[in-house]
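Trainee: I would like to go through this model with you, starting with single residues and ending with the contact between chains.

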Amino acid sequence: MILPALPVLFPLITIIFLLINFQRREWQPWIGLTGSLLQLILAVFILIRVRYEGILVLHTGNWQAPFGITLVVDAFSSIMILLAGIIAVSISIYSFEAIDRQRQSFFYFPMVHGLLMGVNGAFVTGDIFNLYVWFEVMLMASFVLITLGGEKKQLRGAIKYVTLNLVSSLFFLAGIGLLYGKTGTLNMADLALKLSVANNNILINSSAVLFFVAFSIKSAVFPFFFWLPASYHTPPVAITALFAGLLTKVGVYAMIRFYTLFFVQDKLFWHPLFLWIGGFTMVVGVLTAASQYDIRKILSFHIISQIGYMIMGLGIFTVAGIAGAIFYMAHNIIAKTNTFLVAGLINRATGSYDLKSIGGLYKVRPWLAILFIIPAFGLAGIPPLSGFFGKLILISAGFNAGEYVISFIALAVGLFTLFSMVKIWNEAFWKARPENSGPSEGENEKLPVSMVLPVVFLGLLTLTMGFAVRPILDFAMDASLQLLNPGPYIEAVLGSDYLSH
Amino acid sequence: METILAFLTGLLFAAGVYLLLRRSIVKLILGVMLLSHSINLLIFTAGGLHKGNPQFTDSVMEAGLTNPTDPLPQALILTAIVIGFGITAFFLALMYRFYQVTGTEDLDELKEGDTK
């Protein structure tokens with residue numbers, strides 16, 4: 001079955017078409033949009049297939065697992081692929097107007113699809129070295145995107161971003177090397193099988209820690225998050241929104257995959273560690289955000305804070321906890337990207353991201369205020385928006401598992417998130433415009449439809465997730481059950497013949 | 001042999017970390033390169049070092065030679081080297097552009113933008 005390979009092939013084919021037509025600049029956004037739309041349709045199709053037929057497996061080159069590279073799509077992967085498709089479409093539409101011509105003609109769209117290829121590849125692969133390769137594909141595209149345009153502040157941010165992400169890749173590679181030395185396999189299902197009978201926790205943990213550091217840097221958890229706020233505010237906001245939605249979540253995805261599938265022997269060491277790290281990530285992220293005045297910086301620090309909730313779900317390690325983490329991730333990818341896109345609209349309307357020099361937007365553009373409030377209050381967790389249910393599931397899972405401290409921290413952090421969102425609301429929309437700021441250029445212009453459309457689309461999704469919690473939660477529960485009972489996953493990949501001897 | 005390679009890996013890693021901590025961007029890039037080489041050696045060593053027969057060749061299969069060596073770590077390293085090469089090329093171009101724009105290669109110049 002070729003289906004698991006298609007999420008990788010679709011962006012690749014889009015890139016080929018984009019490169020063939022790279023001199024026709026006016027075609028570029030349309031080709032990019034077509035590619036993303038096809039990818040979204042494919043993602044929905046895969047989701048339905050996985051839902052009704054179970055785990056999809058492709059042995060590339062017909063090399064049987066564990067010898068060849070296996071591509072596997074289970075419920076968790078299919079949810080992530082769908083989210084990547086949604087973000088791809090939103091960013092493709094937004095980029096029509098938001099990315100200037102110069103950047104568009106310097107391979108912006110091929111790089112966006114290169115990034116999507118890496119992200120999708122990381123979601124479908126069932127092989128740890130292949131995962132490393134997809135991480136590198138994703139990183140390379142993100143390196144180019146973050147430096148595209150070559151402004152001074154972009155280059156400043158890029159050096160930090162590139163260095164720390166390279167170091168994280170090296171940790172990842174070292175972990176792979178040591179794990180291969182110990183087990184003689186790279187296939188995730190085979191690793192799960194071999195490590196389930198291993199009895200030397202210290203030996204396994206020494207590689208597990210390397211993976212933990214690598215994924216922690218990628219997903220920007222405490223204390224490895226410093227590259228994120230130093231670089232995410234530098235590129236154009238469409239690129240930041242793409243990064244904010246997908247990149248850190250790939251790290252979280254890998255962490256959840258690794259620590260539910262095969263690093264599960266030493267629960268007493270790992271799960272309290274996850275809870276501590278998650279708690280610190282939430283608190284540090286949200287407190288540092290409170291002192292910022294640039295909208296993009298506030299939102300960047302909130303990315304960190306919200307990663308903490310997902311790590312907390314992993315640390316609780318019950319079906320409800322992991323399901324909560326998956327639901328929260330889905331909510332966060334959509335709402336976070338949306339807040340950045342709205343920040344782009346605010347910048348278009350006022351000419352600035354600095355909260356001190358803008359104001360009075362509610363009077364001029366009440367619709368923009370409503371578009372902002374949906375994702376922002378979604379992030380803060382106001383019912384009936386998606387963030388409320390994400391937090392509810394996680395916190396009730398925490399209480400049920402007896403993890404009271406982390407649950408109270410999560411509740412308190414929600415309050416501070418609300419504080420930051422209300423701060424943006426007050427400063428940008430509510431307060432009168434500062435007198436010393438002159439009239440800006442775009443003040444009375446209409447905002448371009450192509451920039452408003454994705455914001456409306458993602459806002460509607462946030463609302464839908466809030467009103468249709470049950471079916472989405474069922475999905476997340478299924479994914480979580482699959483993650484916590486890896487038996488069917490292992491059998492689907494390796495086949496029953498391999499398991500019987 | 002493992003012992004020698006283990007020390008060499010450690011030495012390269014230490015040198016790489018030392019260079020990462022310097023203020024010059026050139027040294028930063030050299031540091032990343034050294035780190036990636038030390039990780040390649042680590043994979044090579046972890047994959048097992050012993051004298052053995054090649055795998056998958058007809059003559060070996062016919063002669064029924066046992067004690068094969070594992071070719072996979074070398075394939076992994078080859079992939080890692082290629083990826084590392086591409087990234088180094090990108091990093092060098094980035095450094096050159098940074099130098100053109102700012103006229104310095106001092107990492108302390110990066111501090112702006114972190115605090116405010």
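Trainee: Is A:Asp190 buried or exposed?
Mentor: This is a predicted model, so the answer applies to the predicted coordinates. Buried means under 20% relative accessible area. A:Asp190 has a relative accessible area of 2%, so A:Asp190 is buried.

Trainee: How many residues apart are B:Arg23 and B:Asp106?
Mentor: Their side chains meet in a salt bridge, at 2.5 Å from N to O. B:Arg23 is in the loop between H1 and H2 of chain B, while B:Asp106 is in the segment after H4 of chain B. The pair links distant parts of the chain, and the separation is 83 residues.

Trainee: How many salt bridges cross the interface of chain B and chain A?
Mentor: The area buried between chain B and chain A is about 2,900 Å², and carbon and sulfur atoms give 79% of that area. Between these chains, 1 residue pair is in polar contact. For salt bridges across the interface, the count is 0.

Trainee: Which element gives the most to the side of chain B that touches chain A?
Mentor: The elements giving two or more residues to that side are helix H2 (25-46) and helix H4 (72-102) of chain B. The top contribution is 15 residues, from H4(B).

How values were computed: Residues are numbered from 1 along each chain as its sequence is written. Chains are lettered from A and ligands numbered from 1 in the order in which they are written. This is a predicted model: local features need pLDDT of at least 70, side-chain atom pairs count only at pLDDT 80 or more; totals for chains, interfaces and linings use all residues. Side-chain values use heavy atoms; hydrogens and water are left out. Buried area is the accessible area (1.4 Å probe) that two parts lose on being put together, summed over both. A salt bridge is a side-chain nitrogen of Lys or Arg within 4 Å of a carboxyl oxygen of Asp or Glu. A polar contact is a pair of N or O atoms within 3.5 Å; within protein, one must be able to donate a hydrogen and the other to accept it, and residues adjacent in sequence count only if both atoms are side-chain atoms. Helices (H or I, at least four residues) and strands (E, at least two) are DSSP runs, numbered from the N terminus. Buried means under 20% relative accessible area, exposed over 50%, partly exposed in between (1.4 Å probe, protein chains only).
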